[in-house]
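Q: Hi! Could you walk me through this one while we both have it open?

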Amino acid sequence: ACVERCIIGDVSFFRAIQAGMRLIYVTCILTFVFRGYSQEDTTTQKRKMSWSAFPALASQPETGFQFGASGGFTWSDPDTTKAFSRPSSLTPFFLYTVRNQIISGLTLDYFFRDGKNLQLNPRFFLFPDRFFGIGNDTDPDVFEGYTHRFFQVRGQYSFPISNKLFY
């Protein structure tokens, strides 16, 4: 259905892109406003941790007003003498729309002590929508409702070849 709706000249496609860009912009600005840090302990070597949380607001024709939250949690191994001392992160997000749609996901980027890297991206959509037919002469009062339920997990496990190159 996206092929019919998302052609280059379709105005709703560009509105969706605009709304996505606004959401990214608001997210970046609010990241600096609602940022938290864990307390540093100088007596023992503990994992360095930091977190942030911020609200997410957006609007687009297909979903109406959207609101939710996103955040981030980052931690790293205090032993910086190892060749692979990189921070790991966990970033969840959740959006709810006035049309009872749910968009949620999580991003995990975990570095093991031996340099191996695990990336996981589970996502869940519960997306009630309407289909108005094909073509330009469709009646906006005649539509068929359906609910798109979507769950996906993408992942990647990488091995280090060198200090900056993974396989």
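A: Happy to. Let's settle one term to begin with: contact means heavy atoms within 4.5 Å. This is a predicted model, where local features need pLDDT of at least 70 and side-chain atom pairs count only at pLDDT 80 or more, while totals for chains, interfaces and linings use all residues. Residues are numbered from 1 along each chain as its sequence is written, and side-chain values use heavy atoms, with hydrogens and water left out.

Q: Great. Which residues does glycine 155 touch, not counting those up to four places away in sequence?

A: Gln119 and Leu120. The C-alpha atoms of glycine 155 and glutamine 119 are separated by 5.4 Å, although the two are 36 residues apart along the chain.

Q: And where is the place of glycine 155?

A: In strand 7. Strands here are DSSP runs of E with at least two residues and helices are runs of H or I with at least four, numbered from the N terminus.

Q: Is glycine 155 buried or exposed?

A: Exposed, because its relative accessibility is 59%. The cut-offs are under 20% relative accessible area for buried, over 50% for exposed and partly exposed in between, with a 1.4 Å probe and protein chains only.

Q: How many bridges join strand 6 to strand 7?

A: 15, and the two strands run antiparallel.

Q: What about strand 5 and strand 6, in which sense do they pair?

A: Antiparallel, over 8 bridges; pairing requires that DSSP finds at least two bridges between the strands. Aspartate 109 stands opposite glutamine 119 in strand 6. Their hairpin has 5 residues between the strands, and glycine 115 takes a positive phi near 95° in that hairpin.

Q: New topic: where is glutamine 101 found?

A: In the loop between strand 4 (88–97) and strand 5 (102–111). Glutamine 101 counts as buried because its relative accessible area is 1%.

Q: Which side chain does the side chain of glutamine 101 make a polar contact with?

A: That of threonine 97, at 2.9 Å. A polar contact is a pair of N or O atoms within 3.5 Å; within protein, one must be able to donate a hydrogen and the other to accept it, and residues adjacent in sequence count only if both atoms are side-chain atoms.

Q: What else is glutamine 101 in contact with, leaving aside neighbours within four places in sequence?

A: Glu62, Thr63, Leu95, Tyr96, Leu126, Phe127 and Pro128.
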